[in-house]
Amino acid sequence: MPKILIVGGGYAGFYTAWKLEKQLRKGEAEVTIVDPLPYMTYQPFLPEVAAGSIEPRHAVVAHRRHLTKTNVVTAKVTYIDHAKKTATIQPPIGDAYEFEYDIVVVTAGAVSRTFPIPGVADQAIGLKTIEEAVAIRDRVLTNFDKAANLPAGPERDRLLTFVVVGGGFAGIEVFAELRSFASALLKNYPQIAFEDTHFHLIEAMGRIMPEVSLPTSHWVIKNLAQRGAEIHLDTQLASAVDGVIELSTGEKFETDLIVWTAGVMANPTIVRHTDLPIEERGRLRVRADLRVGSDDEIIKDAWGAGDVSAVPDLTGGGVGGFCVPNAQHAVRQGKLLAKNIIADLRGELPRQYFHKNMGAVAGLGLGTGVFQSGKLAIKGLPAWFAHRGYHGLAMPSWERKWRVLWGWWNNFWLGRDIVSLAATQHPRAVFEEFAARPKPPAAEATPAVEAPKKAPAKKAAPKEPVEVAAK
């Protein structure tokens, strides 16, 4: 039975395994999926997780619960040697070992791409994982708690100033969601006024959201400005050392939260440690039928999809001729990848990936959204419903769908939960503070040095009685 190894359990990897389970015949192949995390993150929900609109666990899909016929390995693949058809797997505990496969599927995804700007590596946080989204939410809530106890001044302004770098879909969505979240919090913090909160988005290009038309992007900027959020276009971040933001325009201010959404890059753990072909931008070279290789050469038994791969966009709409790294492409590529692998196992030809973008939809906070399809643009509440409807249905499995929908329903009636659980990042802090510890062992008593015995004093000779002269 051929062994299929799937490297990465994100969109493309999860959907490939999920569809293989449903379409493979019994005994036709053995599937193993390896990922450092035991779940797939539905990344379009991360802005809403950061704003407290979705429970974090509802935005992830457990591998072991939904991939019941797949061997799930929670570990890292550190090297793929396709010439020998082996992968080096490093588990969290224990030594690395070699895994032999017959077919490899590389779907390792992408990570945040940063630039060597002073302070960014030390101060900023990305928005690629559920943990990052939760940390952003807790930081906003914690800062409100701290600021409510402070008088007006620089430290208070620092706590209530929030910065997002990058004006793509992810950046605009988290920026707008956080602005909506902060505005909703004000009723619970009478010490803080709307004017005390400051939101800045920094974008190096002259526009935001290139996926929508220019008039639609202008509407988004105007809408956010009316809500008290400032967008800096044609502006670069020059420094963020110690939270002091310095812009290329000369503007300078302090912040306690910097969210970095200025691009992604293929997972370097994989693309820098394999003998499979890598193209000039550091992505796996993949054909339109998702086989690794080029038009002139096919690497047999190697497949790729998702953000880690440079998949040709046959519609002509992709940047540089390739599919843009987003969930829409990754999900569809994963589904086709499963079909193509099965076709190849059965001696049939694989199909080419072709998906024409039907539009883009974004949530901009509760009750506000934007939808663009061709020249059709919908803004405001209808677009917000379209955003939630699309992503609610796109969430894999009905079990996950119901959890997300139920959370939205509860929030509609009860409001968003505003409890910060930032202490979970250091869960033992309180225990350690008050835990009884054994006293340090007392120093062993050193034996007393025996004092030298004195020689017995000589007895004085008895004095002769003195006669008292009689008067």
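I started at the hairpin of strand 7 and strand 8: 6 residues sit between the strands, and G94 there takes a positive phi near 105°.

Housekeeping before going on. This is a predicted model, where local features need pLDDT of at least 70, side-chain atom pairs count only at pLDDT 80 or more, and totals for chains, interfaces and linings use all residues. Residues are numbered from 1 along each chain as its sequence is written, and side-chain values use heavy atoms, with hydrogens and water left out.

I found strand 7 (residues 86–90) running antiparallel to strand 8 (residues 97–100), joined by 4 bridges; two strands count as paired if DSSP finds at least two bridges between them. A87 faces F99 of strand 8 across the pair.

I noted an open sheet of 3 strands, ordered 15-16-17 with antiparallel pairing. Strand 15 (237–239) and strand 17 (252–254) are at the edges with a single partner strand each, so one side of each has no neighbour in the sheet. Strand 15 pairs with strand 16 (residues 244–247) over 2 bridges, and S239 is opposite E246 in strand 16.

D301 has a phi of about 65° and lies in strand 22 (residues 298–304). S397 has a phi of about 75°, in the loop between helix 11 (381–394) and helix 12 (398–414). S397 is also buried, at 11%.

I looked at S309 too, in strand 23 (residues 309–310). S309 is buried at 4%. Neighbours within four places in sequence aside, S309 is in contact (heavy atoms within 4.5 Å) with V106, R283, L284, V286 and G304.

Last, the nonpolar cores, meaning sets of buried Ala, Val, Leu, Ile, Met, Phe, Trp, Tyr and Cys residues joined through side-chain atoms within 4.5 Å. The largest has 111 residues, and I4, L20, F144 and M209 touch the most other members. Helix 7 (residues 169–185) gives that core its largest share, 9 residues. Another core of 13 residues lies apart from it, with I117, I202, L237 and F253 among them. I also listed contacts of I4 beyond four places in sequence, including L20, A29, V31, I103 and L345.

How values were computed: Buried means under 20% relative accessible area, exposed over 50%, partly exposed in between (1.4 Å probe, protein chains only).
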